[in-house]
Amino acid sequence: MKARLLESREIAPEIRLFVFDIPDLQQFLFVPGQWVSIEEIVNGETVTRAYSIASPPAGNRFELCLNRVQNGYMSPYLFTLHPGDTVEARGPFGTFIWREPPNDSVLIATGTGIAPFRAMLPSRLARDASRQVTLLFGVRHEHSLLYRDEFEALAREHPNFRFWPTLTRPGPDWPGRAGRVQEHVGEAVGCRRDLDVYICGLKEMVDGVRAMLKSLGFDRKRMIYEKYD
Ligand SMILES: Cc1cc2nc3c(=O)[nH]c(=O)nc-3n(C[C@H](O)[C@H](O)[C@H](O)COP(=O)(O)OP(=O)(O)OC[C@H]3O[C@@H](n4cnc5c(N)ncnc54)[C@H](O)[C@@H]3O)c2cc1C
């Protein structure tokens with residue numbers, strides 16, 4: 001299907017939000033957490049890449065959130081698009097979605113790995129006030145805390161939701177957590193081993209967190225993850 005770019009804007013250095021619609025559809029049906037596949041001809045080669053949908057379902061629109069990978073193919077190409085340009089999209093795909101019945105959960109993301117959680121959280125929190133949810137979100141710098149205002153607003157509205165950003169390169173005025181997400185996983189899970197832990201980001205982080213959870217005694221069925229590379 002053709003997806004048409006409506007808007008693209010920088011939301012952090014080297015990270016853009018893309019709003020698409022699908023003119024041939026009235027409703028683009030997907031489950032928050034799923035991804036679309038984009039296929040384009042870049043430098044004469046057909047390139048296909050997956051991107052998590054970063055927005056909840058809304059008519060025929062969907063959003064992506066991308067960082068530009070230096071020397072990459074698809075991400076620098078998408079950064080050159082202008083409103084009105086179209087791309088070939090397929091989907092939705094993927095099983096990185098809330099398990100049913102919902103459980104108390106810890107969500108762990110780094111960088112643009114936050115995209116599926118941004119799609120998942122509003123409906124999840126609106127549906128169920130009894131389940132505790134902690135979002136542990138790691139980036140380098142404070143200005144790269146994507147969707148910070150939205151997560152802080154969700155934390156104010158929902159006492160069962162905790163937003164824990166952590167920075168690996170905090171400025172002198174940063175009052176919050178510092179270091180990699182791995183340094184905060186133990187505190188986020190506490191003594192519970194019956195939580196569902198959702199993890200999204202690059203392989204190194206995902207594998208590191210999974211190994212840590214395993215060493216803490218988590219069953220692998222409790223770890224639900226999406227690797228970007
Ligand atoms: C299910 C799924 C969902 C994804 N969702 C997103 C998303 O929402 N946003 C997003 O930015 N990317 C996402 N990705 C990664 C995306 O598919 C591409 O791999 C990425 O945009 C790089 O593609 P490229 O052609 O520009 O670079 P390539 O030439 O393909 O890659 C160059 C290098 O970049 C690394 N890489 C891949 N993704 C990233 C990244 N996000 N940040 C830094 N390095 C990376 C790879 O390890 C590779 O070594 C997702 C991947 C999968 C499998």
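This is a predicted model: local features need pLDDT of at least 70, side-chain atom pairs count only at pLDDT 80 or more; totals for chains, interfaces and linings use all residues.

Reader: Thank you. Which polar atom lies 2.9 Å from the backbone nitrogen of Val31?

Author: That is a polar atom of the side chain of Gln34. A polar atom of the Gln34 side chain also lies 3.0 Å from the backbone oxygen of Gly94.

Reader: Where is Gln34 found?

Author: Gln34 is in the loop between β2 (15–21) and β3 (35–42).

Reader: And is Gln34 buried or exposed?

Author: Gln34 is buried, because its relative accessible area is 12% and the limit for that term is under 20%.

Reader: Let us turn to the ligand. How many residues surround it, and which are the closest?

Author: The ligand is surrounded by 21 residues, and the closest are Arg49, Ala50, Tyr51, Met74 and Ser75.

Reader: What kinds of residue make up that shell?

Author: Twelve of the shell residues are nonpolar, five are polar and four are charged.

Reader: Which polar atoms of the protein lie by the oxygen atoms of the ligand?

Author: Ala50 places a backbone N or O atom 2.6 Å from an oxygen atom of the ligand. Tyr228 has a polar side-chain atom at 3.2 Å from a ligand oxygen. In Asp229, an N or O atom of the side chain is 3.0 Å from an oxygen atom of the ligand.

Reader: How much of the ligand does the protein cover?

Author: On its own the ligand has 870 Å² of accessible area, and the protein covers 76% of that.

Reader: Which elements give two or more residues to the shell?

Author: They are β4 (45–52), β5 (61–67), α1 (74–79) and β12 (223–227). The most comes from β4, which gives four residues.

Reader: Where in the fold do Pro92 and Pro101 lie?

Author: Pro92 is in strand β6 (residues 86–93), whereas Pro101 is in the loop between β6 and β7 (105–110).

Reader: Which residues other than glycine have a positive phi, then?

Author: Glu14 is one of them, with phi near 65°. Asn43 is another, with phi near 50°.

Reader: Where do Glu14 and Asn43 lie?

Author: Glu14 is in the loop between β1 (2–12) and β2. Asn43 is in the loop between β3 and β4.

Reader: What is the accessibility of Glu14 and of Asn43?

Author: Glu14 has a relative accessibility of 38%, so it counts as partly exposed. Asn43 has 71%, so it counts as exposed, the limit being over 50%.

Reader: I have also noticed Thr80. Where is it found?

Author: Thr80 is in the loop between α1 and β6. With a relative accessible area of 48%, Thr80 is partly exposed.

Reader: What does the side chain of Thr80 reach?

Author: The Thr80 side chain reaches the backbone oxygen of Tyr77 at 2.6 Å.

Reader: How far is Thr80 from Ser8?

Author: Thr80 and Ser8 are 72 residues apart along the chain, and their C-alpha atoms are separated by 9.7 Å.

Reader: Finally, two arginines. Where do Arg148 and Arg220 lie?

Author: Arg148 is in helix α3 (residues 148–157). Arg220 is in the loop between α5 (203–216) and β12.

Reader: Why is Arg148 called partly exposed and Arg220 exposed?

Author: Arg148 is called partly exposed because its relative accessible area is 24%. Arg220 is called exposed because its relative accessible area is 68%, and exposed means over 50%.

Notes: Residues are numbered from 1 along each chain as its sequence is written. Side-chain values use heavy atoms; hydrogens and water are left out. A residue is near a molecule or strand if one of its heavy atoms lies within 4 Å of it. A polar contact is a pair of N or O atoms within 3.5 Å; within protein, one must be able to donate a hydrogen and the other to accept it, and residues adjacent in sequence count only if both atoms are side-chain atoms. Accessible areas come from the Shrake-Rupley method with a 1.4 Å probe; for residues, only the protein chains shown count as cover. Ala, Val, Leu, Ile, Met, Phe, Trp, Tyr, Cys and Pro count as nonpolar, Asp, Glu, Lys and Arg as charged, and the others, Gly among them, as polar. Buried means under 20% relative accessible area, exposed over 50%, partly exposed in between (1.4 Å probe, protein chains only).
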